[in-house]
Amino acid sequence: MKKTVNINLAGTFFHIDEDAFAKLQRYLEAIKRSLSDPQGSDEILRDIEARIAELFSEKIENNSQVVSIKELDEVIAVMGQPEDYMVDEEIFDDVPPVSKKRSRPSYKQLFRDIDNKFIAGVSSGLGHYLGIDAIWVRLLWVLLTVFSSGIFIVVYILFWILVPAAESTSDKLKMTGEPVNISNIEKKFKEGYEAVADKVKNADYDKYGEKVKKGGTSFFDALGNILLAILNIFVKFFGIILIITALSTLVGLIVGLFTLGSVDIWGHGELIDYFTAVDTSNTPIWLLSLLLLLAIGIPFFVLLILGLKLLISNLKSIGTTAKVVLLILWVASLVGLGIIGVRQATKQAYNGDFITENVLQVVPGDTLAVAMRANDQYSYSVYRNGGIRIEQDANNEKVIYSNDIRLVVRSTTDPTAKLVVEKHADGSSYNDAKARAQAIDYNYSFDNGTLLLDGYFTTDFENKYQDQEVDLILYLPEGTVLIADDNTYSFHRNYSSWRDILNNGDEGHYLLIQKNKTLCLDCPEGETNAQESREAEGWEQEVIESLDDDDGMSSSEETIVETETVPTETEETVIVTDSTQIDN
């Protein structure tokens with residue numbers, strides 16, 4: 001078992017085995033000896049160590065991983081060998097054969113060139129990246145700013161904030177696309193050293209002194225520092241938000257996995273009943289929970305890592321293997337959910353109807369009372385809604401209970417009324433959908449001028465919830481009178497396209513059925529059209545007299561009786577008209 005050594009390379013700690021450590025020492029010593037000019041050798045060596053530390057960080061997957069000879073040889077292959085720069089072979093005689101190969105060229109990276117800056121070095125950095133002179137980039141910025149009404153000033157500031165400056169020798173080499181190896185690091189350092197030396201020799205010390213007195217930091221540098229500080233605060237705050245959001249979501253998903261998923265494992269319960277009722281794909285709930293955890297949880301886990309990186313600059317990567325595994329699991333979960341979704345959709349691809357027509361013995365001149373009724377087995381009151389409940393019927397069998405019922409009232413010229421019951425359901429085929437619609441259990445009763453409609457319907461639990469609903473279309477002959485109970489209000493809230501002549505708010509009033517409309521017979525004065533009132537005077541009188549025969553007469557009704565007479569010709573005319581329609 002080899003010993004490991006902890007080293008600090010350019011401010012970063014690494015675990016390295018003793019053989020690799022010994023070779024690294026010899027390598028760095030050989031580099032130091034190979035430097036042709038002792039001036040600035042310490043600075044060059046620090047840049048080289050920083051580049052080696054950067055390459056080590058790219059190759060190790062976690063903090064506990066030990067750098068071995070293999071990783072060191074790969075780094076040396078990138079950096080180059082000291083003997084390539086006129087060094088005696090005896091200095092470093094155990095190099096691998098691959099080290100004699102020339103380093104592969106680097107890819108350019110976008111940096112701000114602060115050594116050739118006018119404001120922040122954005123244009124010169126883009127010039128290096130695009131391979132054109134910085135002056136043309138600056139001219140382009142000016143033109144774009146003029147023609148965009150200043151919008152590109154904001155773009156420039158964003159580049160200034162988001163693009164890092166090329167401060168180290170390694171960054172400067174990456175900016176120009178040169179390989180980051182020993183030779184180029186030494187070359188770049190010497191270029192910078194000579195440029196500084198020339199500036200010192202040619203400096204106007206009087207002007208330099210004046211600049212020192214005025215301050216060493218320019219306005220743009222100060223502005224850049226302020227913007228970077230604001231950005232740093234914003235980034236940290238954004239990272240905290242990402243961490244809180246991701247953690248809360250992950251905790252919720254994990255709790256959901258153990259609660260929902262375990263329901264299926266442990267057996268029965270109300271929750272599993274509802275899931276079974278709506279799940280037509282027959283997918284186990286634990287599998288669906290697991291797929292949802294992976295499909296939603298993995299992106300939020302990535303957001304968590306991103307938030308941590310925004311807060312902790314030197315946070316280590318989770319490793320390539322972990323990234324690949326998470327990507328595979330995420331794609332697999334999406335595919336699984338897609339398959340389940342397709343299976344669910346195919347089970348509801350068709351819509352089927354089962355329609356029955358029921359004749360009601362209601363003729364012109366009759367009064368029909370309509371009300372919705374509840375079943376104490378399920379509920380003491382009814383109100384229309386589109387949800388479902390799992391209930392027990394009289395035989396203690398599970399049924400699906402719903403109040404998704406629509407009531408529509410229309411006029412007809414037929415001599416008798418009729419109730420059309422339209423049952424709807426979805427299915428995997430037209431026949432399957434029609435069979436599920438027919439399986440809906442719905443009832444009503446008609447007795448002594450009163451129509452009681454169930455405000456609910458049921459279907460066997462085995463039929464599952466397939467968007468079942470019931471539409472009730474009540475056709476009333478012209479000349480009949482309708483009085484709707486208050487509990488019908490929620491069931492006949494329909495759009496105009498349904499051609500429903502029973503309006504919300506007319507409940508509890510006597511409504512004369514006319515052609516495609518109703519006339520309120522007992523509404524307060526002024527709420528009905530005067531012409532319509534005159535046309536309906538005969539019918540109103542007849543209706544009130546028929547009511548008086550059973551229930552007595554109020555004083556207001558007596559006044560009407562005394563002042564109005566029933567024109568028999570009107571009744572006969574209506575009946576003849578109805579007969580004509582029947583013959584047609």
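Residues are numbered from 1 along each chain as its sequence is written, and side-chain values use heavy atoms, without hydrogens or water. Because the model is predicted, local features need pLDDT of at least 70 and side-chain atom pairs count only at pLDDT 80 or more, whereas totals for chains, interfaces and linings use all residues.

Let me begin with the helices. Helices (H or I, at least four residues) and strands (E, at least two) are DSSP runs, numbered from the N terminus. Helix 12, residues 285-311, and helix 13, residues 320-346, have axes that come within 9 Å and cross at roughly 135 degrees. The axes are lines fitted to C-alpha atoms, for helices over the stretch in contact, with angles from 0 to 180 degrees between N-to-C directions. Helix 12 is therefore oblique to helix 13; under 35 degrees counts as roughly parallel, over 145 as roughly antiparallel, 65 to 115 as roughly perpendicular, and the rest as oblique. The contact (heavy atoms within 4.5 Å) includes Leu 288, Ala 295 and Phe 301 of helix 12, and Trp 330, Gly 336 and Ile 340 of helix 13. By class, 14 residues in this contact are nonpolar, 2 are polar and none is charged. Here Ala, Val, Leu, Ile, Met, Phe, Trp, Tyr, Cys and Pro count as nonpolar, Asp, Glu, Lys and Arg as charged, and the others, Gly among them, as polar.

The second pair is helix 4, residues 122-130, with helix 5, residues 134-147; the axes come within 8 Å and cross at roughly 120 degrees. Helix 4 is thus also oblique to helix 5. Among the contact residues are Val 122 and Leu 126 of helix 4, and Arg 138 and Trp 141 of helix 5. This contact has 5 nonpolar, 3 polar and 1 charged residues.

I turn now to the aromatic rings. How many aromatic pairs does the count give? It comes to 4, where rings of Phe, Tyr and Trp (its six-membered ring) pair if their centres lie within 6.5 Å, and planes under 30 degrees apart count as stacked, over 60 as edge-to-face and the rest as tilted. Tyr 378 and Tyr 401 have ring centres 5.2 Å apart and planes at 45 degrees, so this pair is tilted. Tyr 378 lies in the loop between strand 5 and strand 6, and Tyr 401 in strand 7, 23 residues apart. Both are buried, meaning under 20% relative accessible area, with exposed over 50% and partly exposed in between (1.4 Å probe, protein chains only).

Tyr 401 and Tyr 456 have centres 5.6 Å apart and planes at 20 degrees, so this pair is stacked. Ring pairs link Tyr 378, Tyr 401 and Tyr 456 into a cluster.
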